[in-house]
Amino acid sequence: MWNTDIPQEETERCLLCPEAPCTKACPHGLDPAALLRSVRFQNIAGAADRLPERAACIDCPAPCEDACLRPGGPIRIRRLTTSLKKELVEDFRNFPVDLSSTFCGVRLENPFLLSSSVVASSYEKMARAFEMGWAGACFKTICDFIPREASPRYSALSGEGCFYGFKNIEQLSCNSLEEDLDIIRRLKRDYPAKVVIASIMGRNEEEWTRLAGLVQEAGADMVECNFSCPNMEQEGLGVDVGQSPETVERYTAAARRECSIPLLAKLTPNVGDMRPMARAARRGGADGLAAINTVKSIMGMNLDTYATSPSVRGLSGVGGYSGKAVKPIALRFIWELASDPEWPNPPISGMGGIETWQDAVEFLLLGADHVQITTAVMQYGLRIINDLIEGLAFYLREKALPHVTALKGLGVENVAGLEALERESILLPRFDRQRCLGCGRCALSCRDGGHEAIAMREGRPVMNPSACVGCHLCVLVCPVRAISGFGRRVKSRTQSP
């Protein structure tokens, strides 16, 4: 899509400074930091559209690069800005698109919400998010007790200055019940057009019923039953509930007794099949589903102390894993829910590893109605909403789709059981000799981890088509994308399973 020649690696080196010195140094009044951030989050069309005439950057001595704080050399900002092709978006800019939707009868101005977590735990955070353009937020889970939290409670798998896997052992809202109800009242008073979802968790049927009634009375637009938190200090809460269809049904019905607004069941991925839980929630009176919560995990073993991370005086435990590393798991469950013949096309609030508008579109295509986001906000701030909205709007324009709701479920039927896949032909990879550096990574991987179909000859890879099985490992390992999966298709050779 758009311009594939953009030096993406430059944006991945960017520190993403909140008060960026490159922007302060620009003599032309541009915002290089915002342009870098837009490309980093796949909003290339939006970045190109915001650029004035490119000549200003071409002739500029680039003081923005001199001001860059990046160790090991500045970001080559001028290379980025001169690579953006403004003319590519000319035909799409004025095509009208509508990002709004109706979910369980509640209007959303766009499909981007904050999910139930620390990012939606105070009036100030949520008000700031609403001012910046987020359509709504799911308040951090409200309960009738104040949980005791450990410190530290976060850990991450990191690379290139960001974390792609994130673990937390955090529990529920640390506010009193009265404080949380007051925050909901104030938010709905000050931002009536924004959607406030109240996540709740009770310890018994009476608490589920009472909490649902109280948050509805405070003005919440929807109630989300948290059946999936993996970090609870007390047994019989969170994920323990979400792994039992009987308990999900019983507690959903309990919440429904005092709740006439839309009711969602937030489900756990820590099951082999999520559909029995979804069906149970429906029997209990749920109007829709929210998925996924975090994945149970252990990470960060210290090879000297033998403790895992986060370590609390040498001890840790199983916690919730999130971040972009869990997106494939989340998408699998979204598709599973959307394709359930017993509850076809249910209303779904999707979440799990979403950072960019492209991530969000994947969720919509597999059956979600909108998305909720936490971990990306924890890393990059609420400002990502600008590129989420702008990138999605340009995508809809490119596809000539006037309404975001047209995306829902378009990819559901393209996922099937493995037995349905065609196995009579092989799609050979295609090598770009101009782009190839001759590093030999493809030959190494094919020899040691593939099917021994690539050899190095005079410093260049040569493929043996009769040995190639079309696995495309070489496509994935090439560091400069000199191999694509768009070669010719040939008849498959008979192979043993």
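Contact here means heavy atoms within 4.5 Å, and by that criterion I384, leaving aside its neighbours within four places in sequence, is in contact with F41, W134, E355, I373, A376 and V377. The structure is a predicted model, in which local features need pLDDT of at least 70 and side-chain atom pairs count only at pLDDT 80 or more, while totals for chains, interfaces and linings use all residues. Residues are numbered from 1 along each chain as its sequence is written, and side-chain values use heavy atoms, with hydrogens and water left out.

I384 belongs to the largest nonpolar core, which has 116 residues, and is listed with F112, L114, W134, V215, I373 and L392 as touching the most other members. Such a core is a set of buried Ala, Val, Leu, Ile, Met, Phe, Trp, Tyr and Cys residues joined through side-chain atoms within 4.5 Å, where buried means under 20% relative accessible area, exposed over 50% and partly exposed in between (1.4 Å probe, protein chains only). Helix 14 (residues 327-338) provides the largest share of this core, 6 residues; helices (H or I, at least four residues) and strands (E, at least two) are DSSP runs numbered from the N terminus. A second, separate core of 15 residues includes L428, F431, C436 and M463.

The backbone also deserves attention. Most residues other than glycine have a negative phi, and most peptide bonds are trans. A62, although not a glycine, has a positive phi of about 60°, and at 5% relative accessibility A62 counts as buried.
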